[in-house]
Amino acid sequence: MTLTGGTFIFEQETVFAITGSDFGASVGGRPVTCWAATHAEAGAQLRLGGARDGARCYLCVSGGIVVDDFLGSASTDLRANFGGLEGRPLRKGDRLEIGQRANPMPGVDARPLRYYVRHSTLRVTRGPQARLFPSDALGRLCDGAYTVSNDSSRLGVRLFGGSIRASSRVQLLTEGVSLGAVQVPPDGQPIILFVDQQTTGGYPKLANVILADLPRVGQLAPRSEVRFVEVDVATAHAALREREARLTAVLRGEA
């Protein structure tokens, strides 16, 4: 769910969990603890409001949601209209089948995971076309503050702030585009390419958000502020190893 939640009625007894951002979830008027397995009786009503922090939250149901796999995935591609439930967003009155109930995991200590909702600073490495920009361009990107545009989506997070333009208008050959690339179109306003990004493109890429910080990009809400800090590739690798170790510790209850 993005920015706002919904109301779900469980037709059978089940176990569920809410993860990601805090949307003020409640069952029968009782608050639901995030990152923990919660029991729901048949007929129970789950309500979620608007995002209190971040932008997205996730409803996880024991046994999973039963839909036909497409290319080995149960997710939905809204731009191409396939996968999930008829390739579209959920709407009022939809009925979702739940799979065979699994043994729920105990709740986890979510405090180490709050890092992925806090999004004030994103670490970036130098992009493949950084040489096409003035020598101080990456420094200006990292020194300034940018605001997330209302036009942002899973395709790309559009930012507005200080304009950064290439040294000259160049026509790039279309090439593969990496997840998290910070591309700069002719208007000088950066775009962070995200999970529904195009696979190829021709705009120059000044920087790239490191893999360890990509979950934080998914929690950027419109009108929130973003800052960047440059790191080298070795630091990016170390940050990814740290993230994996942190997640492993949380799952093992060692956090």
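Visitor: What share of the contacts with a separation of 6 or more is between residues 24 or more positions apart?
Guide: In the protein chain that share is 72%, a contact being heavy atoms within 4.5 Å. The model is predicted, so local features need pLDDT of at least 70 and side-chain atom pairs pLDDT 80 or more, while totals for chains, interfaces and linings use all residues. Numbering runs from 1 along each chain as its sequence is written, and side-chain values use heavy atoms, without hydrogens and water.

Visitor: How many helices and strands?
Guide: There are 3 helices and 18 strands, taken as DSSP runs (H or I, at least four residues; E, at least two) numbered from the N terminus.

Visitor: Which residues have the most contacts inside the largest nonpolar core?
Guide: Ile192, Leu206, Val217 and Phe228, in a core of 25 residues. Such a core is a set of buried Ala, Val, Leu, Ile, Met, Phe, Trp, Tyr and Cys residues joined through side-chain atoms within 4.5 Å; buried is under 20% relative accessible area, exposed over 50%, partly exposed in between (1.4 Å probe, protein chains only).

Visitor: Which element gives the most to this core?
Guide: Helix 1, with 4 residues.

Visitor: And what does Val217 touch?
Guide: Leaving out residues up to four places away in sequence, Val217 touches Leu122, Val157, Ile192, Phe194 and Val209. A second, separate core has 12 residues, including Ile18 and Leu46.

Visitor: Is Ala234 buried or exposed?
Guide: Exposed, at 52% relative accessible area. Ala234 lies in helix 3 (residues 233–251).
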